[in-house]
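Please keep the viewer open while you read.

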Amino acid sequence: MPAKPKQPDYVLPLLPLRGMLVFPHMVTSLEVGRSRSLLAVEAAMLRDKRYLILAAQRDAQKEEPETEDIYPYGALVEVKQLLRLPEERVRVLVAGICRVRITNYNSTQPYYEVAAVKVKEPVSESAEVRALVRTTANEFNAYLKLTKKSVAEAGAPVHEITDPGILADVIAAQLNITLEERQKLLEVAAPAERLEAIYAILLRETDLLELERRIQERVRKQMEKAQREYYLREQIKAIQKELGEADDRTAEIEEYKRKLLAGKLPKEAHDKVLHELDRLERMPPMAAEAVVIRNYLDWLLSVPWQKRTKERHDIKLAEQVLNADHYGLETVKERILEFLAVRQLVKRLPGPILCLVGPPGVGKTSLARSIATAMGRRFYRFSLGGVRDEAEIRGHRRTYIGAMPGKLIQAMCTVGVRNPVILLDEVDKMSADFRGDPASALLEVLDTEQNSRFGDHYLEVTYDMSDVLFITTANVLSAIPRPLRDRMEVIQIPGYTEDEKVEIVKRHLLPKQIEQHGLDPEQLVIRDRLLRTIIGSYTREAGVRQIERALAAICRKAAREIVSNQKEQVKLTQRMLQKYLGKPRYHHAAAENRDRVGVATGLAYTDVGGEILEIEVTVVPGRGRLLLTGKLGEVMRESAQAAFSFVRSRAEDLGIDSDFNEKHDIHVHVPEGAIPKDGPSAGITIAVALASALSKRPVLSNWAMTGEITLRGRVLAIGGVKEKVLAAHRAGVSHIILPQENERDMEDIPVNVRRQLEFTFADHVDKVLDMVLGPKIDEDMEKATAQDPEPQLLETDVSPSPEWSTSNPPNPAQ
């Protein structure tokens, strides 16, 4: 017959323990907080004998252990006392009774209930066991002396315990060992074997404690030596003072104290300096920490806490300075003059946070310097391009070798006043990596509500930067994180028009280059017509850097002519211009000179200004495919799809066959196919070209247009109106169609340009089609028109990138 399974000795609630276990004959308190554990304690309290089984978890981090996560050996305990604590926690006092082995988990909900059997311990009273008891007890007393614990702190006096099992459990409960070692001792049933394991642990721990004692003794002696040296050194100081001899150390401390009094530091910084000076006085001169403290005090005392420059409040003088240094840029000048006016009325006004956004070369950096000059403030600039370490802004903590303050505190120390103009250049070119995000560190600096208590990691005290006028520059606004952008007052600086460039050359660039090349103003004569040729045919940019380089080349050539040929004056001509600068490298596209079917003139906005762009549409036999070529971006492709769907919806009104999409392919091409183009503002131009090609009605050649369209034909607003209109004017266009919502942008267009153009504002494509489509022509006339030669353009080496947005920089044509 099969053997009957052994009946359990106990069926009791189980309380899993984290990071500890309880031995038999051990009395301890436990704090219980987990829901299942609380229910287990409550269940034990309801029984006649308030017994629990305690077993340790294998992983103390696990909040809800499974059955396999709990050791099979534990202890049977009796709950002696229960105290309820806040936040649904209880503290229980338990006393260990005996070892048990868990044989089965009867249930796991709502608490663990297990079946367990008592682990029987063999009885041995041999002389060897008695000797082992005595030896272990003596070694444990030695262990207690090294740990400086009293016998009372350790629990029961071990020399009175004669039972080997009880002695082993009492000592094991007092040892500073890992949970795994404790569990192994708990699972050993034989008292003699358990005592031998404990004796081995005691020998190991005693050796470690003895080694720790020797180390502590050696350190204590070293400290006593240092204290003795300090006492003797203080006596030497006293003797030197009586003799009237001051050592370098004393002179150094006195110098720091003199700077502290002169600096008028705020209380927080003043107390910090005194604390560090006290540390420095008590420290040996050659100590490594002394060097760190000296550097820290030097930085802390060199920061301008109170000193400021006297501002210039004369608005007329400030306006003269700004106008003398820069042509145009009226919006920025107006904002600075407004700030100066308010500053006269309100003495305590936080400086504005200005963000100048515009293409390269338009004068953002030089404008910031002129603002400082106009206000009578000191100026400091540092570039944020490529900065990827947050410590560059906030500084390093003093615990690091070579630590120093951040760039902002360094800037304040350099200018020496607390109200400078600080230019944060290229704020859109920061990046982040594992060292932090400098853009996030700037959030506090560029917030007028927070920068009065700017915290630098190195200084460890707050610094008031509210008097600083911060100016940031960027090329692309979208590259600036939105929280940082929200803290700044953004001022857009568009590219210069051709007329503005001519004025800048005549007022600033040409006189500057003539002076730098050692020429007199009358030795080089350049007429306005040639200046426009240089600007339009040899440069292609929104700013004036390329123009300045071209002028420098002309001045060098002229200087050589004057020196070599003994000329008194060089008058630049068209032929000399080609000799000096080579053949023209750029051209401005001209508008169509006759009405054509399937060709519409659009307006593009690039990083270097505006351009006109022809949209060509051809209808060929096919199966209704829409082909898009010319390196178009995703947005522009979707705009072409919307235009095509709109034209299909108006097929009947335009006199187009309703089944044209089943018999023909439509090919839309934007010339200069090597240059990427994108943006939605070509929608209206594509729709007109599609309607013209499908209805055989020519597009009026002297009309140009721009605008985004919807599937229902609505015309939506676009950007870059000023640049686009100037491009149309330059190309000879007489009529321009703009979205109705862009009528507000007409104020930005120069008056002389507005007088020479006719503007039509449309809110729907139907209105545009009625205006720009001529009468239908027959096929023979259409073929004759298509074979007419294209209008000739100026000779060119490189063509600009006529994109429909500024998201991508222009690339040279292949």
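Contact here means heavy atoms within 4.5 Å, while helices (H or I, at least four residues) and strands (E, at least two) are DSSP runs, numbered from the N terminus.

Which residues of H12 are buried? They are Lys364, Leu367, Ala368, Ser370, Ile371, Ala372, Ala374 and Met375. Buried stands for under 20% relative accessible area, exposed for over 50%, and partly exposed for values in between (1.4 Å probe, protein chains only).

## Length and end of H12

Helix H12 has twelve residues (364-375), so at 1.5 Å a residue it should span 16 Å, and the 17 Å between its end C-alpha atoms agrees. The expected span is 1.5 Å times one less than the number of residues. Just after H12, Gly376 adopts a positive phi of about 75°.

## Lys722

Lys722 sits in helix H24 (residues 721-731). Lys722 counts as buried because its relative accessibility is 16%. Leaving out residues up to four places away in sequence, Lys722 touches Thr497, Glu500, Asp748 and Ile749.

## Cysteines

How many disulfides does a search of the whole structure find? The search finds zero, a disulfide being a pair of cysteine sulfur atoms within 2.5 Å. Cys355 is buried, at 0% relative accessible area, and Cys555 counts as buried at 0% relative accessibility.

## About the model

This is a predicted model, in which local features need pLDDT of at least 70, side-chain atom pairs count only at pLDDT 80 or more, and totals for chains, interfaces and linings use all residues. Residues are numbered from 1 along each chain as its sequence is written, and side-chain values use heavy atoms, with hydrogens and water left out.
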